Amino acid sequence: MIRTVAAVAVALVVSVVVDLATGAAVPGRMALFSLSAVALLVLGGKRLAAAGLQRPAGTRPGELGDPADEVTAHG
Amino acid sequence: MADLHPALLLLGGAIAVLALPRRWGGPVMVVSGLLALAAVLALDEGATTTLGFYGYELTVLRVDGLSVPFATVFAAITVLAGLYGWSSMARLERAAALATAGAGVGVVLAGDLLTVFFFWELKVTTSVLLVFARRSSRAAAAGRRYLGAHLVGGASLLAGVLWHLADTGSLAFDPMDLGGATSLILVGFLLSAAAIPLNAWLPDAYPESTVAGTVVLSAFTTKSAVYALARGFPGLELLVWIGVAMALVGVVYAILEDDIRRLLGFHIVSQVGFMVAAIGVGTAASINGATAHAYAHVLYKGLLLMGAGAVLHATGRSRASELGGLAPVQRTTFVLYLVGALSISGLPLFSGFPAKELSMAAIGDAGYGTAQWLLKLASVGTFLSVALKLPAVTWFGPARSPVRASRLPATMVVAMGLAAAANIAMGLAPDLLYGQMPTEVSFDPYTTAKVVEILQLLAFTGIGFVLLRSRLAPKAVTSVDTDWVYRELPARLGPQLARLGAERPRPALPTLPSLLRAGGAPVAPGWVLGSVVILAMVVVLGASVMP
C-alpha cells in the first residue's frame with residue numbers, strides 16, 4: 001500500500017515538473033483530473049450498476065439462451 | 001465517370017452477389033467497394049445530378065466538401081468489410097452489406113430530403129438483414145427491436161419532410177431552423193445517431209449480428225446520421241449537450257459491460273456523442289472536427305470490431321467473463337486490435353489524435369469549456385475501457401472457461417492489417433485526414449502542449465486502472481438501458497402487453513432462408529416502407545388538425 005501511494009506520488013511530481021517545464025497553465029491539472037475521472041467513472045459506475053443498471057446475464061426479456069448462438073457465431 | 005453515382009456500383013454489386021455463385025461473393029464485394037471508391041474520388045466538386053419525380057426535382061447526387069469525405073470512407077470500409085467477411089459471409093448477408101453501403105453512400109450524396117429518406121429507409125431495410133444473418137433467436141429478437149426503433153425514426157423523418165415541404169415548398173437538404181417539421185426530421189436523425197435516450201437499439205442489435213455484419217453496421221448507420229446532422233442542423237446548441245450526454249453515458253455503460261462486442265457498441269454511442277457535440281457548436285472548425293472524427297472513427301471502430309469479431313470467430317465467445325488468456329494464440333489479433341484501441345484513445349501517432357484534437361479544440365475555442373472538460377472525462381473512460389480493460393480481460397489473465405481458439409482466415413487478418421495501416425498513416429501524417437475535410441484546416445495537433453496533455457491524461461488513466469483493476473473484474477452481467485421502456489415496462493403493465501417484450505418461439509423468426517423460401521425478402525422492404533409511410537401520414541395529419 002505504501003509503495004503504491006509512493007509510486008503515485010512520484011508520478012504526480014513528475015507530471016508537475018513536466019507541466020512546469022512546458023509552461024502549462026496549471027501544473028498537475030491533467031494528472032489529478034485523470035485520476036479523479038477514473039475513480040468517478042469506475043466507482044460511480046459500480047454504484048449505478050448495483051442500483052439497477054446491471055443484472056445477472058440472461059435475466060432480461062429476449063435474452064433467453066440459444067444453443068444456436070454458439071453454433072452460428074462463426075458465420 | 002464524373003456523373004456515375006457511386007451508390008449504383010454498390011447496389012449493383014449487391015445484385016451481382018445474389019445472382020452469381022457464392023464463391024464470387026467475396027471478390028464482388030471488394031471490387032464493388034474499390035469501384036465505388038474510385039467513383040467517389042473521380043467526382044467533381046460541385047457536380048449535381050437531378051431527377052424529375054412527380055413534378056419535383058430531386059437532387060440524387062450532390063458533391064461538395066461535406067459529402068465527399070463521408071462517401072470516401074464509406075467506400076473504403078466496404079472494401080475492408082468485404083475482405084474481412086470474405087470467407088464467413090453468407091450470400092444474402094453480403095448482398096445486404098453491399099446494399100447498406102450503397103444506401104449509406106446514397107444518403108451522404110443526396111441533395112434533397114426525399115432522396116435522403118429513400119436511401120435512409122433502404123439502409124434500415126437492408127441493415128436489419130445483417131442482424132438477422134446471425135440466425136439465432138437472440139439476433140432475431142434484437143433485429144425486431146432494431147426494426148421497430150428505426151420504423152419510428154423513419155416515420156418521424158418522413159412526417160417531418162412532408163410537413164417541411166408543405167410549409168416551405170422546398171425539399172432542399174440544407175441547414176434548417178428548428179420548428180415543428182424540422183423537429184421531426186431532427187428526431188429521425190437523432191434516433192439513427194443513437195442519441196440519448198434513443199440509443200438502446202444500437203448496443204442491443206450490433207453485437208447480435210455476425211462478425212462481419214457488425215463491422216458494416218458500425219460504419220453506416222450512425223455515421224450517415226452524423227452527416228445528416230452536420231448538413232441539416234449545424235450550430236444547434238441543443239446538440240452540444242446531447243452529444244456530451246451520449247459521450248458520458250456510453251462510456252459508463254462500456255466500463256461496466258461484460259460482452260466485448262456490446263462494450264464496443266456502447267462506445268459507438270460515446271464517440272458519436274463527440275461528433276454530435278462538435279456539430280452543435282457549428283463553426284467551420286467544429287464541422288471539420290466532427291467530419292474528421294467520423295472519418296477516423298469508421299476506420300478505428302471497424303478495426304476494433306474486427307478484432308473483437310476475430311475473438312468471437314475463433315472461440316465462439318464474446319463475454320469477458322468467459323474469455324481470458326488468449327494472447328499466446330492470438331498475438332496478431334491483439335496487436336492489430338491495440339492499434340484501433342490506441343487510435344480511439346487519441347494517442348499521438350494514431351488516427352484518433354488528430355481527429356479528436358481538432359474537434360475538441362474547436363469546441364473549446366467556441367466557448368464551450370464545460371462541454372470540453374466533460375468530453376475529456378469521456379476520453380478517460382474510452383482509454384480505460386477499450387484500451388485497458390478489454391485487452392486485459394480478453395487476451396491476458398487466466399482463461400475463465402475452457403476455450404479453444406481456431407485459426408483465423410488470412411483475409412480477416414489482411415483486412416485488420418489494412419485498417420491498422422490506415423489508422424497509423426493518418427496519425428503520422430494528419431494532412432492525409434485534414435486534406436479531405438469540408439473546409440481548409442490550418443490546425444497543428446502536434447504541439448508540445450497538446451501532446452503532453454494527452455499523454456498525461458492517458459498515463460494517469462493507466463495508473464488509475466492499475467489501482468482500481470480489481471473493481472473491473474468481469475462478471476456475467478447484462479446492462480439495462482432505455483430499452484427497459486419497451487422490453488420490461490409492458491410486463492409490469494399487464495400480461496397482454498408483456499408479449500411485446502417477451503421472447504418468441506423460434507418458428508416465428510424471420511430467418512434469411514425462411515424469408516427467401518417464403519418470398520419474404522421482397523415483402524420485407526415493402527412492409528417497412530409501408531409502415532413508415534402510414535405512421536408518417538398519421539403524424540402529418542395529426543399535425544395538420546392541430547390549431
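Student: How much area is buried between chain A and chain B, in Å²?

Tutor: Keep in mind that this is a predicted model. The size of an interface is often given as the accessible area lost when the parts come together. Carbon and sulfur atoms give 63% of what is buried between chain A and chain B, and the total comes to about 4,600 Å².

Student: How many residues does each chain bring to that contact?

Tutor: Both chains take part, and the cut-off is heavy atoms within 4.5 Å. Chain A puts in 45 residues, and chain B puts in 58 residues.

Student: How many salt bridges cross between chain A and chain B, and which residue does B:E488 pair with?

Tutor: The rule finds three salt bridges across the interface of chain A and chain B. In the one made by B:E488, the closest N and O atoms sit 2.7 Å apart. The partner of B:E488 is A:R55.

Student: Which element of chain A gives the most to the side that touches chain B?

Tutor: Start with the polar contacts: 13 residue pairs between chain A and chain B are joined that way. On the chain A side, α1 (2-22), α2 (29-53), β1 (54-56) and α3 (67-72) each supply at least two residues. With 19 residues, the one that gives the most is α2(A).

Student: Let's turn to chain B by itself. What share of its residues is buried?

Tutor: For some background, the secondary structure of chain B comes to 23 helices and three strands. Chain B exposes about 18,400 Å², with carbon and sulfur atoms supplying 67% of that. Out of its 547 residues, the buried share is 64%.

Student: What covers the buried residues of helix α2 in chain B?

Tutor: Helix α2(B) runs over residues 25-42 and reaches 25 Å from its first C-alpha to its last, close to the 26 Å expected. Its buried residues include B:G25, B:V28, B:M29, B:L37 and B:V40. The cover for them includes α1 (6-19), α3 (67-84) and α4 (91-108) of chain B.

Student: Since α3(B) is in that list, how many of its own residues are buried?

Tutor: Helix α3(B) has 18 residues and spans 26 Å from first C-alpha to last, close to the 26 Å expected. It is mostly covered, and the count of buried residues is 16 of 18.

Student: Is B:S321 buried or exposed?

Tutor: B:S321 lies in the loop between α12 (284-315) and α13 (331-344) of chain B. Leaving out residues up to four places away in sequence, it touches B:D258, B:R400, B:P474, B:K475 and B:A476, and a polar contact of 2.7 Å joins its side chain to that of B:D258. Its relative accessible area is 16%, so B:S321 counts as buried.

Student: What is the relative accessible area of B:T222?

Tutor: B:T222 is part of helix α9 (residues 211-232) of chain B. Among the residues it touches are B:S192, B:W201, B:Y206 and B:V272, while its side chain makes a polar contact of 2.9 Å with the side chain of B:K223. B:T222 is buried, and its relative accessible area is 0%.

Student: Where is there a cis peptide bond?

Tutor: Look in the loop between α7 (180-192) and α8 (201-205) of chain B, where B:P197 sits. Omega is about 5° for this bond, and the residues it joins are B:I196 and B:P197.

Terms used: Residues are numbered from 1 along each chain as its sequence is written. Chains are lettered from A and ligands numbered from 1 in the order in which they are written. This is a predicted model: local features need pLDDT of at least 70, side-chain atom pairs count only at pLDDT 80 or more; totals for chains, interfaces and linings use all residues. Side-chain values use heavy atoms; hydrogens and water are left out. Helices (H or I, at least four residues) and strands (E, at least two) are DSSP runs, numbered from the N terminus. The expected span of a helix is 1.5 Å times one less than its number of residues. Buried means under 20% relative accessible area, exposed over 50%, partly exposed in between (1.4 Å probe, protein chains only). A polar contact is a pair of N or O atoms within 3.5 Å; within protein, one must be able to donate a hydrogen and the other to accept it, and residues adjacent in sequence count only if both atoms are side-chain atoms. Accessible areas come from the Shrake-Rupley method with a 1.4 Å probe; for residues, only the protein chains shown count as cover. Buried area is the accessible area (1.4 Å probe) that two parts lose on being put together, summed over both. A salt bridge is a side-chain nitrogen of Lys or Arg within 4 Å of a carboxyl oxygen of Asp or Glu.
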